[in-house]
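Hi,

Here is the structure I promised to pass on. Have a look at it first, and then read on for what turned up in it.

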Amino acid sequence: MIQTDRFSPARTISLAALYISENRRTLLLRTGLVVGALICLALLNLPYHHVGEWPDYDARLDDIAPLYYFVGVILACVGASLMMDDLKNRQGRIRMLMRPAPITEKYIARWLIYVVGFVILYFLAVAIADAVRLALASIFFPEYKACYIFNAMTGDTENTHKVLGRPEYRTTLIEAITAIYFLIQSFFVLGSTVWHRTSFIKTFIVFGAITAIYFACIIPAGDSLMSGKIWPEEFWIKDNIKGVMLTAAALATIFNWTLGCWRLHETDVITTRR
Amino acid sequence: MFCGLKIMPTFAVYYFTITLMLEIKNITFSYGRRRPPVVSDFSVSFPAGGVYGLLGRNGAGKSTLLYLAAGLLTPQSGHAYYNGVDTRRRLPSTLSDIFIVPEEFSLPAISLGEYLRINSRFYPRFSHDDMRRNLDTFELEPDLQLGALSMGQKKKAFMCFALACNTSLLLLDEPTNGLDIPGKSRFRKFIVSSMTDDRTVIISTHQVRDIDRILDHVVITDSSHVLLDRSTAEITERLRFINSDSPALAGEALFAQPSVGGSALILHNDDPDNPTEMNLESLFEYALKNPESLTRQFNEL
């Protein structure tokens, strides 16, 4: 076994494997809940009518594609807030802190599971849920040409436009969705290292309040100081502004992840008020 | 006087050849800015090798001290060093050589085999043979399901793992709590059989009768002082522990404590070649009630 005090990728993978093994039941249950929730969503969006103009168009994708995105963000945030769930009691903290590995590796191991692993799991869950939707649609609405969501992601049909946006905005949309997804989730990753109990609610309230204050005070103030030029027309399609926003989101995301790791370094077995 | 001179060279050799394994230096710790410190400017050292009993009143900070020693708490001031390295840095090389068995702990609901497979890789000196031997000592089967065990069985299984990791420093907080009567005697056998020259075991407990026979060293503390820090050999050379109802002996005693069928007495030992069996309960009471008198016994040559 690696005994180095420096960062070891092999040990990080071992820590991730250890976490999965020790929490297999909980993780399986959570996976089941994600798949179950998505199947319920898919069933609620079973096809019920054709759109006459486009016979191959699956009209239900109008509703279900944004739902998959939205639910994905919500579940990613809930999952991220459970990242340090086992630190809510002293026994869990002792178990985690006494494991012979650097805190950074312990953090990255969980980050791999809850951030990277969740994305993979969620794609699989969407694949299963949409396959169920298609199977039931073929039984109950045989005349309806339902489109599998992953098939809609290729080509340039009306279905593709509903899932990935119009071609001229597609790259921007995908980049924006990815950046916003990781940014929002990173707040909950940070929140889980600060509050080990009811982390989701606390993070939601605190960061929700900070965001609300920001939009309520800072932007109008900045807008008035800059004589209304803070909102340039169609700013979201201008490359330079897009680049700035994406860079800012990426930096904020990395900052949150780093801060979470640093906060974990400061974790003690007994919470003290200093 | 003569006896003191006779044992002096032994002490001198002892104190100049020991290597300090764990050194707690001027540590102050409190559970809140406005709360009084649990441990205040506290210093104690544990040389390598031996079984140490860490005794103190409730709230004297014994568990806190173990957590500080393991680097699980951040002191307001002071440091805990393990082989010269600050334990609060929580370096893998330090953590893989220290194992703490807390009073309360949780084990995942998986099989013991799987627990060993995924955890043993973090401890370079883990021995499967030792694990089997430890399980045999506690009469546990190797195919246990950890989630289905009672608290006492979990403790036994966890202690088997702790000892099989072969860490140089083993910290045990109230290890006999939750163990049944045979379990307690097996625990003693278990600790004694696993001792090596370079292994240090620190046991913090109130159940002194469970461990008094296996201790090599006794450390009695309050929150800021070490009241007694002596080997059991030194203690029994200097002090005589007897049970008697004789008023004359009670008059001579350094400390007397009423007990069943008389009093537990601590007297000055005039015959170090014939030591008595240490009564840890009485010694503990003596240290708390009259620490100056106890210190004098060991300072006299």
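Let's start where the chains meet: 28 residues of chain B and 27 residues of chain A make the contact, where two residues count as in contact if their C-beta atoms, placed from the backbone, lie within 7 Å. On the chain B side, helix H2 (62–70), H3 and helix H4 (112–119) each give at least two residues, and H3(B) has the largest share with three residues. By class, the side of chain B that touches chain A has 18 nonpolar, five polar and five charged residues. Here Ala, Val, Leu, Ile, Met, Phe, Trp, Tyr, Cys and Pro count as nonpolar, Asp, Glu, Lys and Arg as charged, and the others, Gly among them, as polar.

Before going further, note that this is a predicted model, in which local features need pLDDT of at least 70 and side-chain atom pairs count only at pLDDT 80 or more, while totals for chains, interfaces and linings use all residues. Residues are numbered from 1 along each chain as its sequence is written, and chains are lettered from A and ligands numbered from 1 in the order in which they are written. Helices (H or I, at least four residues) and strands (E, at least two) are DSSP runs, numbered from the N terminus.

Now chain A. Helix H2 (residues 24–44) of chain A packs on helix H5 (residues 103–140) of chain A at about 35 degrees, with the axes 8 Å apart; axes are lines fitted to C-alpha atoms, for helices over the stretch in contact, and angles run from 0 to 180 degrees between N-to-C directions. The contact of H2(A) with H5(A) involves 15 nonpolar, one polar and two charged residues, including Val34(A) and Leu38(A) from H2(A) and Ala125(A) and Ile128(A) from H5(A).

Helix H4 (residues 90–97) of chain A has Arg93(A), Ile94(A), Arg95(A), Met96(A) and Leu97(A) as its buried residues. Buried means 20 or more other C-beta atoms within 10 Å of a residue's own, exposed means 12 or fewer, and partly exposed is in between, with C-beta atoms placed from the backbone. Those buried residues of H4(A) pack against H5 of chain A together with E6 of chain B.

That strand leads over to chain B, where an open sheet of six strands runs in the order E6-E7-E8-E3-E9-E10, with mixed pairing. Strands pair if DSSP finds at least two bridges between them.

Two loop residues are worth a look. Asn83(B) has a positive phi of about 50 degrees without being a glycine, and sits in the loop between strand E4 (77–82) and strand E5 (85–86) of chain B. Arg90(B), also not a glycine, has a positive phi of about 50 degrees and lies in the loop between E5 and helix H3 (92–95) of chain B. Which of the two is buried? Arg90(B) is, because 21 other C-beta atoms lie within 10 Å, whereas Asn83(B) is partly exposed because it has 17 C-beta neighbours inside 10 Å.

Finally, chain B is assigned domain 1 (20–224) and domain 2 (234–299), with bounds from an automatic or database domain assignment. Their C-alpha centres lie 30 Å apart.

Cheers
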